[in-house]
Amino acid sequence: MAAARSGERPSLFVAAAYKAGTALPLRGGFMAKIVFVLNGPNLNLLGTREPQTYGRATLKDVETLTRAAAASHQLKVEFRQSNHEGELVDWIQEAAAKKAVGIVINPAGYTTTSVAILDAILAVKLPVIEVHISNIHARESFRHDSYVSKAAKAVICGFGIEGYGLAVAGLAALAGAGSK
Ligand code: CA2
């Protein structure tokens with residue numbers, strides 16, 4: 001985009017994209033792409049219980065890590081957590097409406113139960129990276145069969161909260177975002 005390269009004001013096209021809610025303006029006329037990072041039930045408790053399984057980092061720490069990973073690829077982040085299945089479905093649809101480059105999702109307890117989340121992911125046709133802090137395959141068998149994995153572009157588990165950063169880097173690579 002010539003205006004972005006030269007540091008001039010954003011073009012009419014870019015202004016229209018901003019108005020449509022598909023991108024965020026940055027200094028010099030660049031428009032940042034957005035990644036939605038969604039967290040399922042009970043992840044608000046991260047860092048307060050079960051440190052042997054999930055570590056001591058809080059969800060705020062996960063957000064900070066995720067934003068740093070995204071910024072290194074000139075990506076913006078919508079970081080959210082909900083204990084409600086329908087709200088997660090609404091956010092998946094919102095990510096598509098806002099033309100996000102992709103979604104990182106830790107569906108937590110909905111991983112192995114939610115056909116609604118699977119259907120939402122299939123409907124939006126955005127690349128989705130499924131993340132689990134723990135290695136779900138080294139745990140109880142009921143954690144193994146993920147509905148979300150059937151529609152996910154990739155699955156990352158067992159890296160602790162670093163998995164979120166890896167997921168963002170993967171989406172950036174898919175989207176052809178630069179790095180710094
Ligand atoms: O390893 C993961 O990230 C999980 O998605 C976490 C889910 C679990 O149901 C999945 O099998 C694997 C549980 C999220 C609950 O998070 C808590 C964190 C700290 C304390 C209590 C719950």
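The model is predicted: local features need pLDDT of at least 70, side-chain atom pairs count only at pLDDT 80 or more, and totals for chains, interfaces and linings use all residues. Residues are numbered from 1 along each chain as its sequence is written.

**View 1. Elements of the protein chain.** The protein chain holds 7 helices and 6 strands, which are DSSP runs numbered from the N terminus (helices: H or I, at least four residues; strands: E, at least two). Along the sequence their pattern is α-α-β-β-α-α-β-α-β-α-β-β-α.

**View 2. Helix H7.** Helix H7 covers residues 162-175, and its end C-alpha atoms lie 20 Å apart, in agreement with the 20 Å that its 14 residues should span at 1.5 Å a residue; the expected span is 1.5 Å times one less than the number of residues. Just after H7, Gly 176 has a positive phi of about 70 degrees.

**View 3. Buried residues of H7.** A residue is buried if 20 or more other C-beta atoms, placed from the backbone, lie within 10 Å of its own. In H7 the buried residues are Gly 163, Tyr 164, Gly 165, Ala 167, Val 168, Leu 171 and Ala 172. Of the 180 residues of the protein chain, 33% are buried.

Conventions:
Buried ≥ 20, exposed ≤ 12 C-beta atoms within 10 Å, placed from the backbone.
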